[in-house]
Amino acid sequence: MNRQVLAVLLLISCSTTAFAGEQFDIEVTDRAVVQRCVTKGLPRSIAVGMPGGFNYLFDPVRCRLVSVWFGDFLDFRPEATGRGGQPLVPLGVRRNLGTAEVPIRIGAEDRIPEAVEFAGYRIEPATGIPAFLFAVDGVPIEQRVLSFGPGQVTIELAFPTPGTQPRLYCMEMTAVEQCELSDRLEQPAAGFVRIPATESWAQIRLQLKPTKESFVRQQPTTNGRLLYAVHCMSCHTLDGGKRIGPSFADLWTAPRIVSRNGQLESMVADEAYVRESILKPQAAIVKGYENANRMVDITQTLNEQQIEALVAFLKGLKPSGS
Amino acid sequence: MKYTLRLLRRFHPAVLALLGAMSGMALSSPAVWAADAAASLTTALRARATAELAGTAIQSGDASRGEAIYRRDTLGCVKCHVVSPQARAEGQRSIGPEQTTIGDRLTPKQLVEAVLYPNRSIAKGYAAFVVLTDAGMVHKGVVVSESPEAVVLISPETGKTTEIPRVDIEAMQPAPSAMPEGLTDQLASEQEFYDLIAFLSEQKAGKRGTPITATGKIVVKEVPQPGVSHPLLAIALPNGICYSFDPNACHLVSIWEGPLGWADAAGAVTLNEVATESFFVREKPWRMAVGHNVGRVEFDYMWLGYEVVGDEVVVRYRMSDKEQQRAWVVAETLEVRSPLRQRIRFEITHPKGSAEVLTYWLQQTNYRSVGTNGQQAQRNQLEFLKPGQTLFEIDLVRRKRGQVLPLGYRVDQVEGPAPDRPFLFEPTGFSFADDGSLFVSTRTGHIWRLLNGVWTRFAEGLHETLGVRVAANGRDVYTMQKPELTLLEDTDGDGRADLYQSVANSFRFTGNYHEFAYGPVRNTAGNLFFSTGLAASGHHEAKESKTGQMSSPLGYRGWVMKVDPQGNLSPFASGLRSPAGIGINADDELFVTDNQGDWVASSYLAHVEEGDFLGHPATLWDRPEYGLTPRQLDYRSVEATVETVPPLDEVSYRAERKPPAVWLIHGDLANSPGNPAFAPASGFGPFGGQAFLADISHRAIIRVALERINGVYQGAVFPFIRPLASASYSTCFGPDGRLWVGSVGRGWTTGEPIIETVSYDNTSTPFEMQRVALTPHGFDIYFTQPVADAVGGDAVTVREFHYLYWAEYGSDRQEVRGRPVEQADLSKDHTVLSLRLPVKAGKVYELDLGYVEAESGAVLENNVAFYTLNEVLP
């Protein structure tokens with residue numbers, strides 16, 4: 001094939017990549033996954049997803065564990081679509097474990113550090129589990145966060161160089177039910193753990209209180225009109241014009257003749273009918289559209305709230321006379 | 001999928017039971033449920049390589065069985081796709097692309113992909129977006145053009161275009177393909193899939209009936225179009241050239257050689273679409289100028305009909321302005337001299353007493369040259385009619401069809417790693433290691449390594465990496481994340497980075513999507529440099545800014561930053577807006593590119609030295625004299641923001657601003673340039689040391705030849721290769737002399753993200769302007785080959801203009817003036833053309849060479865240069 005023909009073919013076959021309707025979740029399988037990203041309120045987030053459904057956010061500015069959640073990891077769509085750069089969405093109820101300040105203090109619990117230097121992280125090759133590397137007031141620290149069961153969070157701190165002063169770890173305790181410490185660690189006050197200068201390793205095991213909150217996945221929009229335009233408009237007009245499917249003109253409470261299980265029946269377009277038409281497009285087919293193209297299954301891409309919003313929008317399409 | 005099921009259970013507990021009952025009925029078993037079953041045909045087919053499926057379809061697919069399958073109701077293909085001219089003649093609308101000639105447009109492999117993955121690649125012109133405006137209006141259509149100010153959508157169904165100002169846009173979303181996923185589950189067997197692909201791949205133009213040609217006499221065919229009132233006029237001329245005119249939007253559509261199309265037994269016409277080339281005339285192309293706002297007033301159009309006059313067709317239409325209801329009548333004729341040369345003639349009847357200036361919208365950059373008896377203010381888009389002018393002519397000289405590619409160069413595509421959802425492979429930077437490995441950063445935060453033709457993932461989970469650089473040890477890899485410059489090391493030698501070290505992070509990052517960071521590059525002293533972009537909105541809009549487009553949260557955004565070999569970060573130069581490219585030349589000199597916007601008249605390439613201020617004032621508040629940003633940010637100050645900022649002294653920063661070395665000419669050459677890659681002294685043809693840049697919007701490679709006058713960089717920018725296959729952005733010369741080009745797939749423009757390489761054969765001599773040198777009397781143009789004849793001064797059109805330095809978003813070219821060439825002398829060896837004309841500092845000179853041949857017979861395809869003149873010679 002000569003080059004010009006190739007160039008022309010390239011031009012002709014030039015296509016765009018569409019993302020709608022695809023899932024963008026980052027899946028965690030047999031290795032831990034680290035993903036740096038923006039999350040709401042934390043532009044420099046480091047999100048970690050561990051095998052088994054334990055996830056957490058680490059803040060490299062104050063070198064602190066911010067929050068944890070159990071279940072799925074992250075929805076990457078806001079980064080992978082459009083111009084990207086939008087906050088990613090953790091796919092679980094976040095439990096806050098981080099105080100606003102730097103959690104590690106050297107010497108005394110009220111000594112706010114002068115210098116906090118984030119040095120990066122080391123990935124354990126076999127498991128993908130990260131150990132965060134940083135220094136607080138010149139003391140080098142390595143931190144890992146693990147979980148050994150539902151609601152269980154283990155914070156591990158290692159001090160590669162021998163210290164002269166005790167180190168303190170400070171936590172947000174609202175979500176914590178029980179706190180266990182490794183040998184020789186003590187709790188001088190609520191939310192503080194004291195690690196003697198002689199220790200090169202420390203473990204803080206937390207059992208979180210059960211939460212009644214359940215995670216509701218947020219989708220980009222619940223604007224009914226926009227949803228109509230994205231998902232319905234190609235086939236259903238609002239003005240009575242005929243496309244692949246029946247028009248939505250004057251839809252609400254309008255009489256419809258539909259074919260159900262091969263039998264014609266007459267009904268009004270009420271909430272139950274509209275809902276059914278969205279969830280089971282083939283259950284009741286408007287007369288005259290029996291052989292029309294099968295309706296695209298939009299439940300694959302829309303969530304509950306979005307379907308509610310779409311129904312609410314369709315509700316507004318009242319006959320002009322009423 | 002699982003998630004959907006969960007939802008539905010919560011919603012309607014009876015759904016699953018019902019589905020079970022319905023699954024026996026072909027028509028009512030939604031593909032999604034079938035696809036959920038492990039044994040579904042779609043799943044089985046998707047598990048196989050598309051090339052293998054295509055191969056089987058070619059060998060064992062039966063096209064006639066395939067046609068029966070295609071027309072089957074349960075599949076519903078014909079509901080959306082027109083596959084025969086009769087269907088179109090019967091007024092069937094094509095919701096999806098017509099498939100009458102799909103076999104010409106798509107390879108069997110692409111057909112397999114299109115059927116199996118309808119959302120993966122939507123045919124050009126059918127990928128829809130939905131825009132919701134603040135006023136609650138919804139527009140759906142295909143994006144025909146996008147600018148920072150507005151989005152223009154065209155409705156595939158009605159052909160209507162709508163321009164929506166960005167300020168009015170509340171939300172914009174891609175719409176999914178109307179073609180359902182999992183259609184193949186409606187097929188009874190794998191063989192049926194092969195039959196269907198075989199049928200589609202045989203839908204080629206040549207098979208569609210009797211060819212229509214003009215034998216001695218002009219032929220006009222009216223070809224019905226979906227969704228519009230008037231049929232398209234397709235005209236075959238006795239000279240073998242055809243063109244089409246759309247009476248609905250009153251514009252020339254396309255031109256082609258060969259048969260007009262094919263007529264079937266019933267007389268229905270299939271156009272020879274594969275051969276067509278656009279006129280680049282916008283729909284409803286006329287506008288009326290009001291004051292300086294050229295082309296802001298639109299017209300209503302009324303089609304008056306056409307008549308054949310001799311060997312030409314005259315079309316007539318009436319335009320009325322919406323406000324005053326005055327009418328202009330246009331009689332338009334196309335004179336087709338050759339496939340490459342045409343003239344559009346307009347006879348215009350103006351309403352009584354009108355003195356308005358009309359403009360005609362033609363994308364001139366797509367032509368080799370455009371001449372007119374009207375006025376031509378910008379090369380980019382508009383032709384101007386003088387007030388009251390009744391006879392208006394536009395002479396078009398087309399470029400040769402296809403890609404403009406200098407002789408001796410070739411473009412190849414490099415296959416990227418296997419698709420890895422959700423991490424699209426968008427190559428944002430390249431760097432070669434000592435062992436020959438190529439490291440590639442991607443926009444979704446992966447670092448890939450290509451060694452001996454095998455891709456492996458070196459690092460992952462990074463934050464929008466827009467650059468990569470192999471460290472001085474030839475092994476470790478620096479990459480620029482949005483919030484951090486990071487060094488990646490593979491300490492255990494397993495081929496994957498296991499140590500992610502933070503090298504520099506003490507610059508502000510507030511999370512705005514536009515706070516990009518680019519780089520790094522390294523100089524021979526071992527210093528690293530990277531650049532940071534301003535935020536798209538938020539804090540501290542420059543007080544002078546009327547538009548307030550971009551802003552700085554302070555903390556060294558809009559700066560070039562330096563990291564010394566000890567790892568100390570320091571601010572280096574300010575004034576950048578969206579500096580998407582940073583590069584370093586063989587003499588260790590640093591260059592950045594910036595993108596057009598507020599305070600940036602056009603995209604540019606600038607030479608950067610320590611302390612420079614390049615133009616965007618929002619970056620100045622970081623300077624020590626304001627006391628707002630510490631020189632070294634720590635963990636407290638890196639997140640702090642400032643409530644108020646003092647006013648800036650506009651007089652002093654105007655005086656201080658360092659102008660770009662070369663404007664990259666928004667509209668003509670570069671709208672969104674990436675980094676400059678400096679060519680090696682040899683191995684890339686006669687352009688050693690010159691800068692090559694890729695541009696996202698133009699999908700093109702441009703070339704910059706710099707020179708130093710009075711110690712200041714300036715020079716000329718030339719087109720080089722266009723178009724590339726995708727939205728090209730990042731560039732890098734490899735150790736083998738090849739230019740590697742990466743492209744992005746989304747954002748400001750869309751396309752398949754890929755890698756292309758440009759290589760030179762080391763023997764051929766391309767015919768190009770090698771460089772343009774300033775002389776005391778004008779310019780010397782150096783050619784790579786001897787020019788055929790003495791080129792007269794009148795063969796070169798010189799236009800002079802400048803840009804405004806202001807808060808508005810970009811600047812039109814100001815005071816565009818033709819500068820007559822007083823004298824033109826060709827050197828004895830015919831390789832240097834000296835132009836004598838008066839020139840001034842602060843101006844840009846467009847040198848438009850029109851049609852120039854070399855002694856070898858080669859034609860100068862890249863026939864325009866823009867010279868930015870910062871300093872004159874004494």
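A helix crossing is called left-handed if the near helix is turned anticlockwise from the far one by less than a right angle, and right-handed if clockwise. Keep that in mind for the helices of chain B below. The model is predicted, so local features need pLDDT of at least 70 and side-chain atom pairs count only at pLDDT 80 or more, while totals for chains, interfaces and linings use all residues. Residues are numbered from 1 along each chain as its sequence is written, and chains are lettered from A and ligands numbered from 1 in the order in which they are written.

**The two chains**

Helices (H or I, at least four residues) and strands (E, at least two) are DSSP runs, numbered from the N terminus. A residue is buried if 20 or more other C-beta atoms lie within 10 Å of its own, exposed if 12 or fewer, and partly exposed in between, with C-beta atoms placed from the backbone.

Chain A has five helices and 21 strands, and 40% of its 322 residues are buried. In chain B there are twelve helices and 56 strands, and 48% of the 874 residues count as buried. Two residues are in contact if their C-beta atoms, placed from the backbone, lie within 7 Å. Among contacts with a separation of 6 or more, residues 24 or more positions apart account for 53% in chain A and for 58% in chain B.

Chain A is also divided into domains, whose bounds come from an automatic or database domain assignment. Domain 1 covers 25-208 and domain 2 covers 224-315. Taken over C-alpha atoms, the centres of these two domains of chain A are separated by 49 Å.

Axes are lines fitted to C-alpha atoms, for helices over the stretch in contact, and angles run from 0 to 180 degrees between N-to-C directions. Angles under 35 degrees count as roughly parallel, over 145 as roughly antiparallel, 65 to 115 as roughly perpendicular and the rest as oblique.

| Helix pair | Axis distance | Crossing angle |
|---|---|---|
| α5(B) and α10(B) | within 8 Å | roughly 115° |
| α6(B) and α11(B) | 7 Å | about 100° |
| α10(B) and α11(B) | within 10 Å | roughly 125° |

For residue classes, Ala, Val, Leu, Ile, Met, Phe, Trp, Tyr, Cys and Pro count as nonpolar, Asp, Glu, Lys and Arg as charged, and the others, Gly among them, as polar.

Helices α5(B) and α10(B) are roughly perpendicular to each other, and their crossing is right-handed. Residues in this contact include Leu53(B) and Ile58(B) from α5(B), with Val112(B) and Glu113(B) from α10(B). By class, the contact has seven nonpolar, one polar and two charged residues.

**One loop residue**

Finally, Asp736(B) is found in the loop between β46 (727-733) and β47 (739-744) of chain B. Asp736(B) is exposed because 12 other C-beta atoms lie within 10 Å. The C-alpha atoms of Asp736(B) and Thr524(B) are separated by 21 Å, and the two residues are 212 residues apart along the chain.
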